[in-house]
Amino acid sequence: MPSANALHSPAHDRLRYFEQRQGQIVETIRQLVEVESPSDDKPSLARIAAFLSEKFEALGGKTQIHRSAGFGDNLQVSFDSPDSSRKPVLLLGHYDTVYPLGTLAAMPCKIENGKLRGPGVLDMKSGIALILRAIEALKAWHEKLPRPITVFLVSDEEIGSYSSRPITEALAKKSAGVLVLEPAAGHAAVKTARKGVGEYTLRVQGIASHAGLDPGKGHSAIVELARQIAVLAKFNNLRQGVSVNPGVLSGGTRTNVVAAEASVGIDVRIRSAKQAAGIDRRLRSLKPFDKRCKIEVSGKINRLPMERTAGVAALYAKARGIASQIGWKLGEAAVGGGSDGNFTAGLGIPTLDGMGGVGDGAHAIHEFIEIAELPRRALLLAGMIESV
Ligand SMILES: [Zn+2]
């Protein structure tokens with residue numbers, strides 16, 4: 001670290017360090033975006049995991065690939081520190097994206113008016129690049145890393161994190177805190193609360209009959225399902241943060257058949273663990289209006305909410321303190337989307353999310369990050385790694 005003087009605080013020196021390397025950060029992000037990595041393409045995920053392993057090993061990290069049968073592999077990197085009295089900080093992210101292979105051709109990675117565009121640039125390849133660059137900086141500033149660091153990058157976050165979740169949770173339990181490199185919220189804020197997410201399917205089994213010859217003999221699964229959906233609508237309590245969305249509907253075979261089967265896929269969001277239990281119970285106790293129809297509810301709350309616990313608030317206070325040293329008022333936000341931060345926060349491990357890139361259009365054709373935001377994001381991450 002260059003020493004402070006009257007005009008430049010150490011924090012400003014750090015900001016300048018990253019400003020001078022802004023082009024290199026952008027270059028790292030571009031390299032990552034240009035290795036496409038959809039959640040369902042194992043060879044692509046293996047390619048980006050290998051690419052990242054090399055980068056982390058060059059920084060002195062020990063890499064470990066966690067193989068997974070049905071999904072892509074997950075990458076763990078450990079950095080030792082002479083200060084082994086400190087628990088590691090866990091830097092959490094994902095390298096899968098929602099875009100199918102070949103998207104890059106129609107949505108190339110390019111700079112336009114201070115924005116870097118491309119598939120996954122915001123969610124969350126810029127976050128991974130920030131991890132690499134922040135660790136590199138800490139190594140440059142300190143002779144040795146000031147504390148142990150664990151990086152865990154998963155390959156299945158966009159499809160529910162089923163293979164990576166147990167590892168994420170085990171690593172979190174060994175850590176002093178978790179920093180999640182998902183995109184920032186609006187106004188570059190970090191995320192101190194996330195809703196929990198559940199996915200359910202409601203299936204109705206009715207009795208088929210000929211719609212013309214025997215309409216009275218049938219018990220329509222579709223009519224029953226429609227009545228159930230009207231009940232579901234009443235479970236919404238937006239003011240309390242509970243939403244229930246019947247998002248995918250199917251049923252019936254032909255217009256002249258009273259439908260024997262119908263089903264609806266439902267997305268559930270909740271703000272607290274208590275609401276999670278409540279909505280789960282209400283869904284499971286649905287009863288058919290037509291006694292000849294059977295209903296069956298499957299699914300569960302997959303991600304419990306990330307609640308703004310005292311531990312989360314303390315991490316945010318730390319982050320705000322680091323930001324204030326360069327005159328930046330770092331905001332916080334509660335958001336509706338879930339992330340792997342929900343798992344770690346759900347275990348009671350202090351978690352701060354939204355530490356990654358600043359931009360818009362995640363999962364959409366116009367996805368981008370603001371390049372000028374990168375230096376202070378890197379500064380914030382480096383400072384948090386030191387002080388969590
Ligand atoms: Zn993400």
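**View 1. Bridge between Val 89 and Gly 177 in a predicted model.** Val 89 has Gly 177 of β7 as its bridge partner. β3 and β7 run parallel and are joined by four bridges. Strands (E, at least two residues) and helices (H or I, at least four) are DSSP runs, numbered from the N terminus. The model is predicted: local features need pLDDT of at least 70 and side-chain atom pairs pLDDT 80 or more, while totals for chains, interfaces and linings use all residues. Residues are numbered from 1 along each chain as its sequence is written, and side-chain values use heavy atoms, without hydrogens and water.

**View 2. The open sheet of six strands.** The strand order is β1-β2-β6-β3-β7-β16, with mixed pairing; two strands pair if DSSP finds at least two bridges between them. β1 and β16 (351–352) stand at the edges with a single partner strand each, so one side of each has no neighbour in the sheet.

View 3. α6 lies across β1, β2, β3, β6 and β7 and runs at about 165° to β6 (angle from 0 to 180 degrees between N-to-C directions of axes fitted to C-alpha atoms, for helices over the stretch in contact).

How values were computed:
Contact = heavy atoms within 4.5 Å.
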